[in-house]
Amino acid sequence: MFEKKENSLLYVKSKLFTCIVLSLICLQSVFAEDSLEISSSKAKSILFVYGGWEGHEPEKCRDLLVPWLKSNGYKVTVSPSLDSYLDKKLMSSIDLIIQIYTMSTITEEQEAGLLKAVRDDGISIAGWHGGLADAFRQNTEYQFMVGGQWVSHPGGIIDYEVNIIDHNDPITKGLSDFKVKSEQYYMHVDPFNEVLATTTFSDEHAHWIKGATLPAVWKKRYGKGKVFYTSLGHTSDVFDIPEAFTILKRGILWSLGDLK
Ligand SMILES: [Zn+2]
């Protein structure tokens with residue numbers, strides 16, 4: 001009887017031990033996943049500029065990304081004004097600009113501050129969809145920096161596929177092609193973009209572009225600065241798609257020089 005009791009106690013103890021070990025393994029893998037993404041321990045500074053056309057949900061995107069950036073140890077200045085590009089003290093203190101500011105207009109001085117920061121001072125810029133590549137339509141030098149300009153999204157919200165074409169780049173490594181229901185961006189693009197993912201158009205909404213393959217994710221240089229762009233993200237819920245959000249987060253980390 002006693003032996004049986006002791007045996008069952010031992011059994012419970014061994015089960016408990018297994019549970020604890022398994023929990024520790026799970027916890028470790030969660031932390032390992034986080035630490036895998038960031039390679040720099042130095043706290044860097046980011047300027048997050050949001051505004052412009054409300055349809056692209058600049059506030060929701062701010063609320064999606066800023067907490068994630070802060071949780072990874074980055075210092076983030078959040079600004080609803082393009083006047084931040086005039087603030088020399090601020091601009092000289094940052095490592096990266098993230099901008100979601102669709103359409104709208106930018107003054108000559110604001111644009112000069114932004115372009116100088118990237119081109120001459122080597123500050124990176126990252127963004128997505130129209131917040132970067134359909135901003136300030138009058139400003140061609142700005143478009144020269146971004147590497148592309150949205151021109152159409154035939155059919156509006158449609159089902160389409162994103163194809164990973166660079167499986168070695170750390171931004172797209174390990175990811176498979178994925179489907180999206182959103183705007184498929186048809187863009188005028190710079191041939192010097194380093195394209196990581198593309199999307200191919202059907203003839204359903206504009207028959208003459210059947211089979212056209214356009215960049216959907218790229219990285220490039222503008223002077224001394226690095227530029228990262230993804231055309232995904234018409235609304236913030238597009239980033240519920242794990243591949244779409246992973247690409248954006250890794251692109252931001254690459255811009256910071258912190259992607260392993
Ligand atoms: Zn859009």
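This report covers the sheet, the helices packed on it and the nonpolar core of a predicted model.

## The sheet

Nine strands form an open sheet with mixed pairing. Their order is β2-β1-β3-β4-β11-β10-β9-β6-β7. The edges are β2 (75–79) and β7 (178–183), and each of these strands pairs on one side only. On average, neighbouring strands are turned by 25° against each other, direction ignored.

Helix α7 lies across β3, β4 (124–128), β7, β10 and β11. The angle between α7 and β11 is about 175°.

## The nonpolar core

In soluble globular proteins, nonpolar side chains tend to be buried together. Here, the largest nonpolar core has 61 residues. Ile 46, Leu 96, Ile 97, Ile 98, Val 118 and Tyr 229 have the most contacts inside it. Helix α7 (residues 242–255) supplies the largest share of this core, with six residues.

Which residues does Leu 96 touch, leaving aside those up to four places away in sequence? The contacts of Leu 96 are Ile 46, Ile 123, Ser 124, Ala 126, Ser 255 and Leu 256. Among these partners, Ile 46 is also one of the core residues with the most contacts.

How values were computed
Residues numbered from 1 in each chain as written. Predicted model: local features only at pLDDT ≥ 70, side-chain atom pairs only at ≥ 80, totals over all residues. Core = buried A, V, L, I, M, F, W, Y, C linked by C-beta atoms within 7 Å. Buried ≥ 20, exposed ≤ 12 C-beta atoms within 10 Å, placed from the backbone. Helix = DSSP H or I, 4+ residues; strand = E, 2+ residues; numbered from the N terminus. Contact = placed C-beta atoms within 7 Å. Pairing = 2+ DSSP bridges. Axes fitted to C-alpha atoms, helices over the stretch in contact; angles between N-to-C directions.
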